[in-house]
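Hi,

Here is the model I promised to pass on. Have a look at it first, and my notes follow below.

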Amino acid sequence: MAAPSASIRVVPPPRLEHYVMTEKLGQGTYANVYKAFKKGNTRDVVAIKCILKGSLSKTAIENLFTEIKLLKKLDHEHIVKLKDFEWNSDYIFLIMEYCSGGDLSRFIRGKRLLPEEIARRFLRQLGVLLLIIKMIRESLI
């Protein structure tokens with residue numbers, strides 16, 4: 001007798017009118033991130049963070065809107081650009097710049113050990129970005 005096969009549930013990405021979502025780039029507690037192409041002639045490549053609204057508390061929603069306000073104001077070469085955001089009854093979509101090289105944590109994991117000069121450069125960049133975010137956040141309050 002054959003062993004029963006375990007069924008694997010594949011959940012398709014959510015749909016967004018002006019984009020075609022392709023591969024899943026990552027996932028977190030509240031969201032999945034997909035690579036997507038804008039429909040039409042330009043075929044811009046973006047990353048779309050799909051946040052399930054039902055999984056968020058009131059505080060988490062307020063934090064998300066603060067994040068959106070911050071990202072809309074930030075324009076820095078070392079911060080992923082928020083291009084747009086949309087929502088429907090189930091999801092909030094953050095449409096972001098696509099970074100083909102992945103994120104900093106993936107880079108560090110791939111290297112396993114960073115030379116001191118590279119680590120120092122990243123720490124300087126992070127320090128500057130924290131100051132910029134602090135200044136913008138204070139201007140929003």
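Keep in mind that this is a predicted model. I started with the aromatics: there are three aromatic pairs in the structure. One of them joins Phe85 and Trp87, whose ring centres sit 6.0 Å apart with the planes at 25°, so this pair is stacked. As for accessibility, Phe85 is partly exposed at 24% relative accessibility, while Trp87 is exposed, with 60% relative accessible area.

The largest pocket has a volume of about 1,300 Å³. It is lined by 30 residues, and those closest to its centre are Val80, Cys99, Gly102, Asp103 and Leu104. Two or more lining residues come from each of β1 (19-27), β3 (45-52), α1 (58-73), β5 (91-97), α2 and α3. The largest share is from α3, with seven residues. By class, this lining splits into 16 nonpolar, six polar and eight charged residues.

The second largest pocket holds about 240 Å³ of space. Among its 16 lining residues, Lys24, Ala31, Asn32, Tyr34 and Tyr91 are the closest to the centre. Here β1, β2 (31-38) and β3 each give two or more residues, and β2 has the largest share with three. The lining has ten nonpolar, five polar and one charged residues.

One backbone detail to check on your side: Arg112 has a positive phi, near 65°, although this residue is not a glycine. Arg112 is in the loop between α2 (104-111) and α3 (116-140), and this residue is exposed, with a relative accessible area of 78%.

Cheers

Methods:
Residues are numbered from 1 along each chain as its sequence is written. This is a predicted model: local features need pLDDT of at least 70, side-chain atom pairs count only at pLDDT 80 or more; totals for chains, interfaces and linings use all residues. Side-chain values use heavy atoms; hydrogens and water are left out. Rings of Phe, Tyr and Trp (its six-membered ring) pair if their centres lie within 6.5 Å; planes under 30 degrees apart count as stacked, over 60 as edge-to-face and the rest as tilted. Buried means under 20% relative accessible area, exposed over 50%, partly exposed in between (1.4 Å probe, protein chains only). Helices (H or I, at least four residues) and strands (E, at least two) are DSSP runs, numbered from the N terminus. On a 1 Å grid over the protein atoms alone, a cavity is a set of points where a 1.4 Å probe fits but cannot get out, and a pocket is an open set with protein on both sides within 12 Å along at least five of seven lines; lining residues have an atom within 4 Å of a point. Grid points are joined across faces, edges and corners, and a volume is the space filled by probe spheres set on the points. Ala, Val, Leu, Ile, Met, Phe, Trp, Tyr, Cys and Pro count as nonpolar, Asp, Glu, Lys and Arg as charged, and the others, Gly among them, as polar.
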